[in-house]
Amino acid sequence: MTSLSRRRFLTMSAACAAFPAGAATAPVAHWRGVALGAEASLRLEGLTSAQAAPIIAAVEAEVNRLENIFSLYRHNSEISRLNRDGHLLAPAPDLLNVLSLCSALYQASDGLFDPTIQPVWRALASSSNQSDLTEALETVGWDRVSVQAEVIHLPRPGLSALTLNGVAQGAITDRISTLLASHGLRDVLVNMGEIAAHGHRNDGQAWQVGLAGSAGEVQKTIQLRDRAVATSDTNSVMLTETQGHILNTNGSHHRKQVVSVSAPTAAVADGLSTALCLLPRAQMDAVIASFPGAALEMLG
């Protein structure tokens, strides 16, 4: 797992049922901005700019709200305050939900998926000496984190820290999908690095999603409807010449591989694709089976 350092593109495409498929005069509204520090774009098919304006405003507000929870680059976000102070009072329900999923992933992977790996990631990324890395490794242990509705406690204030990069972007993808549905957009494709597909395309067919390998080439195309998919690549970001960014709890990564997982939610797909990068093939099926509806789509 890593800190929230990999910048993701947010693209959303939604079709409004008020316009028939193939209608030559159907309008399209566009928006470009920033989400999670990356360029973002929104395309709403079947809506004029005026009709889309309240939806776009709601998306911007929701992304801003979620960044105030999950962004390690915002000094006063909930995750930043937790890491700085060692505790967090009255955590947001969104954060509690993600941490609950982290617990399930931790248990299913026998502890390999561990959000407390952040100090190790930080030590490796800053090229710290061996003693710093050793100290960072001593802070790892999700089972020592106390998560309650009223307060979250880290085991070693000032040293322990969490990263939610292996799951939060999927959770944010799910939240944006829910927001668009609340505005009546049932046929929508949301892509924040993790992809959620709901309903269908304008032509009535399922959404087509290409899964890319480590070189960026599409290796497989799958159909998605009311389902999400996430891809993790152990070496898409390198901390050192030989060290990829998805780390085992001993500070190493398992092997070079790209994993794509589909699931009913983007958060589960995101978390599983990250966790499976740390596992040999023989152990993957048992982990996937812990999450109903999840499936391994590609292994490269």
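**Exercise 1. Determine how helices H1 and H3 are oriented to each other in this predicted model.**

Solution.
Step 1. Two packed helices are described by the angle between their axes and the distance between the axes.
Step 2. The axes of H1 (residues 49-70) and H3 (residues 93-108) cross at roughly 60° and come within 9 Å. Axes are lines fitted to C-alpha atoms over the stretch in contact, with angles from 0 to 180 degrees between N-to-C directions.
Step 3. Angles under 35 degrees count as roughly parallel, over 145 as roughly antiparallel, 65 to 115 as roughly perpendicular and the rest as oblique. H1 and H3 are therefore oblique to each other.

The model is predicted: local features need pLDDT of at least 70, side-chain atom pairs count only at pLDDT 80 or more, and totals for chains, interfaces and linings use all residues. Residues are numbered from 1 along each chain as its sequence is written, and side-chain values use heavy atoms, leaving out hydrogens and water.

**Exercise 2. List the residues through which H1 meets H3, and classify them.**

Solution.
Step 1. Arg65, Leu66, Ile69 and Phe70 of H1 are in contact (heavy atoms within 4.5 Å) with Asp94, Leu95 and Val98 of H3.
Step 2. These residues divide into 5 nonpolar, no polar and 2 charged.

**Exercise 3. State which residues of H2 are buried and what they pack against.**

Solution.
Step 1. In H2 (residues 78-85), Glu78, Ile79, Ser80, Leu82 and Asn83 are buried, meaning under 20% relative accessible area with a 1.4 Å probe, protein chains only.
Step 2. The buried residues of H2 pack against H1, H3, strand S4 (87-89) and strand S6 (151-153).
Step 3. After H2 comes Gly86, with a positive phi near 85°.

Definitions and conventions
Helix = DSSP H or I, 4+ residues; strand = E, 2+ residues; numbered from the N terminus. Nonpolar A, V, L, I, M, F, W, Y, C, P; charged D, E, K, R; others polar. Buried < 20%, exposed > 50% of the residue type's maximum accessible area, 1.4 Å probe, protein only.
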